Amino acid sequence: MNVLVVDDEKNIREIMIKVLKLENINCAGAENGLSAQRMLQEKSFDIVVSDLKMPGMSGQELLEWIGKEGLNIPVIMMSAFGQAEDAVRALKQGAFDYIVKPFAPEEMLHRIRTAYKSKMMELQLDEKLKDDSYITHSPGMLKLKERMLRVAPTPSMVLITGESGSGKEVSARFIHKNSQVSNGPFISINIGGIPENLLESELFGYEKGAFTGAEKRKIGLFETAAGGTLFLDEIGEMPSSLQVKLLRVFQDKTIRRLGGISDIPINARIISATNKNLEEEVKKQTFREDLFYRLNVARIELMPLRERKEDILAISISLLKKLNKKMGSNIRTISDQAIEWLESYDFPGNIRELENILERACIFSGGTEFVLKDLDLPGNFNRSVDKIERGTIQEMEVKMTKKALHKWEGNRTKAAKELGISRRTILNKIKEFNLE
Ligand SMILES: Nc1ncnc2c1ncn2[C@@H]1O[C@H](COP(=O)(O)OP(=O)(O)OP(=O)(O)O)[C@@H](O)[C@H]1O
Ligand SMILES: [Mg+2]
């Protein structure tokens with residue numbers, strides 16, 4: 001999630017950036033409406049938190065502009081005590097929410113999360129969750145998504161690697177949907193799930209009489225996938241006898257049915273996947289190096305879910321929609337605490353594990369909100385995100401001002417410079433907070 005904080009007070013911007021960072025939320029600051037406009041034009045943000053009263057362009061004007069530009073970004077207005085009327089007007093003009101200063105960081109976080117969830121719900125309703133959409137918000141995975149879109153229209157072989165449950169098959173389907181053969185079939189075969197003696201005939205097919213029991217011709221998957229994609233899942237499980245044959249197929253771009261005499265050109269896009277470390281398997285000589293190089297033309301390395309916590313909320317929401325349908329539940333939102341827990345969990349089983357956790361939650365939750373107690377928490381988990389400091393923004397401001405004054409031995413000019421505020425402001429703060 002990317003949040004833009006617009007406030008002429010540098011302190012507020014910095015504290016917000018700090019608080020959000022502790023929660024793994026990306027946050028940028030703008031010191032007035034104009035620079036906010038510029039940033040919104042350059043980069044995409046999910047939420048804008050803006051002060052109402054600012055010199056130059058006010059929060060209200062910024063809100064209007066966001067509406068006119070058709071940017072679908074929820075805006076949370078911050079107003080000073082006593083500006084309630086203006087805040088209500090802002091709500092009427094389309095602000096998502098408002099909060100009165102000073103506020104507790106947790107309160108702000110809660111509003112931001114609520115706005116984000118509502119935006120996600122809306123977006124996904126809009127998109128009707130097309131199966132060619134690929135949900136991710138993490139910078140690393142967005143780069144990977146770009147990469148997938150770049151290789152998709154080419155005929156190159158793709159090798160997808162990643163931990164179990166990290167979305168290898170979903171990625172393969174995404175590439176297929178964006179390829180030149182998207183109208184053709186997507187045929188998937190799990191190499192590890194088929195007994196070795198059947199694998200060859202599954203892949204290549206056979207002619208009548210090729211062996212005892214071959215009573216009629218059978219078309220193999222290489223041919224079935226013609227005009228589409230053949231997804232070789234768990235390629236690392238390929239028995240070595242077949243590895244040689246596969247290598248030949250990829251070199252010649254033809255196959256021969258068992259017992260057949262003619263070479264049939266393969267006319268399918270090949271994508272393979274594995275959760276094994278094939279480089280290691282090559283070293284151990286359990287996987288042929290030459291085959292590995294054939295397969296590994298375009299490599300897509302999926303990140304484990306614990307390294308892209310930004311995705312947890314978005315993927316949870318999409319999974320809950322799917323699960324609501326499947327389980328007949330009606331979960332519309334997730335409590336902050338439940339999200340916090342999910343974001344602190346390691347997910348050794350990645351998205352598949354997340355899906356299982358949510359499925360159980362659908363069974364046990366009676367209402368429309370998915371709360372922490374619905375989670376059947378798997379064993380121990382470590383909280384990886386620091387707890388945010390309790391206290392209001394004002395308390396944090398006091399702390400920061402004190403610290404700066406202490407550091408510069410009471411020199412107000414230097415302390416003000418460090419805090420990025422004017423000397424007059426720091427004098428006012430010292431008076432306001434009784435720091436003399
Ligand atoms: N980006 C995503 N958005 C939503 N759901 C996802 C996403 N990626 C994966 N999933 C879901 O997570 C589950 C696991 O995905 P998938 O089967 O593609 O993973 P895998 O890496 O092939 O797993 P395995 O190693 O178990 O075969 C599926 O139910 C899939 O729908
Ligand atoms: Mg899979």
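This is a predicted model: local features need pLDDT of at least 70, side-chain atom pairs count only at pLDDT 80 or more; totals for chains, interfaces and linings use all residues.
Reader: How is the protein divided into domains?

Author: The assignment gives domain 1 (2–127), domain 2 (139–301), domain 3 (305–374) and domain 4 (393–432).

Reader: What distance separates the centres of domain 1 and domain 4?

Author: Taken over C-alpha atoms, the centres of domain 1 and domain 4 are 26 Å apart.

Reader: On to ligand 1. How many residues surround it, and which are the closest?

Author: Ligand 1 is surrounded by 16 residues. G165, K168, V170, R352 and E355 are the closest.

Reader: Which domains give at least three residues each to that shell?

Author: Domain 2 (139–301) and domain 3 (305–374) each supply at least three residues to the shell around ligand 1.

Reader: What polar atoms lie by the ligand oxygens?

Author: From the side chain of E355, a polar atom lies 2.5 Å from an oxygen atom of ligand 1. On the backbone side, a polar atom of V170 is 2.9 Å from a ligand oxygen, and an N or O atom of S166 lies 3.2 Å from one.

Reader: How much of the ligand's accessible area does the protein cover?

Author: On its own, ligand 1 has 630 Å² of accessible area, and the protein covers 84% of that.

Reader: Which elements give two or more residues to the shell?

Author: Those are helix 7 (168–177), helix 13 and helix 15 (350–364). Helix 13 gives the most, with four residues.

Reader: And the shell by class?

Author: The shell around ligand 1 has six charged, five polar and five nonpolar residues.

Reader: Change of topic. How many cavities of 30 Å³ or more are there?

Author: There are two cavities of 30 Å³ or more.

Reader: Which residues line the largest cavity?

Author: The lining consists of M1, E23, N24, I25, R113, Y116, K309, E310, L313 and E343. Helix 5 (105–127) and helix 13 (310–327) are the elements that contribute two or more residues to that lining.

Reader: So what does helix 13 touch, taking both sites together?

Author: Helix 13 gives two or more residues to the lining of the largest cavity, and four to the shell around ligand 1.

Reader: Which domains give the cavity lining at least three residues each?

Author: Domain 1 (2–127) and domain 3 (305–374) do. Domain 3 also gives at least three residues to the shell around ligand 1.

Reader: How do the lining residues divide by class?

Author: The lining of the largest cavity has five charged residues, four nonpolar and one polar.

Conventions: Residues are numbered from 1 along each chain as its sequence is written. Chains are lettered from A and ligands numbered from 1 in the order in which they are written. Side-chain values use heavy atoms; hydrogens and water are left out. On a 1 Å grid over the protein atoms alone, a cavity is a set of points where a 1.4 Å probe fits but cannot get out, and a pocket is an open set with protein on both sides within 12 Å along at least five of seven lines; lining residues have an atom within 4 Å of a point. Grid points are joined across faces, edges and corners, and a volume is the space filled by probe spheres set on the points. Ala, Val, Leu, Ile, Met, Phe, Trp, Tyr, Cys and Pro count as nonpolar, Asp, Glu, Lys and Arg as charged, and the others, Gly among them, as polar. Domain bounds come from an automatic or database domain assignment. A residue is near a molecule or strand if one of its heavy atoms lies within 4 Å of it. A polar contact is a pair of N or O atoms within 3.5 Å; within protein, one must be able to donate a hydrogen and the other to accept it, and residues adjacent in sequence count only if both atoms are side-chain atoms. Accessible areas come from the Shrake-Rupley method with a 1.4 Å probe; for residues, only the protein chains shown count as cover.
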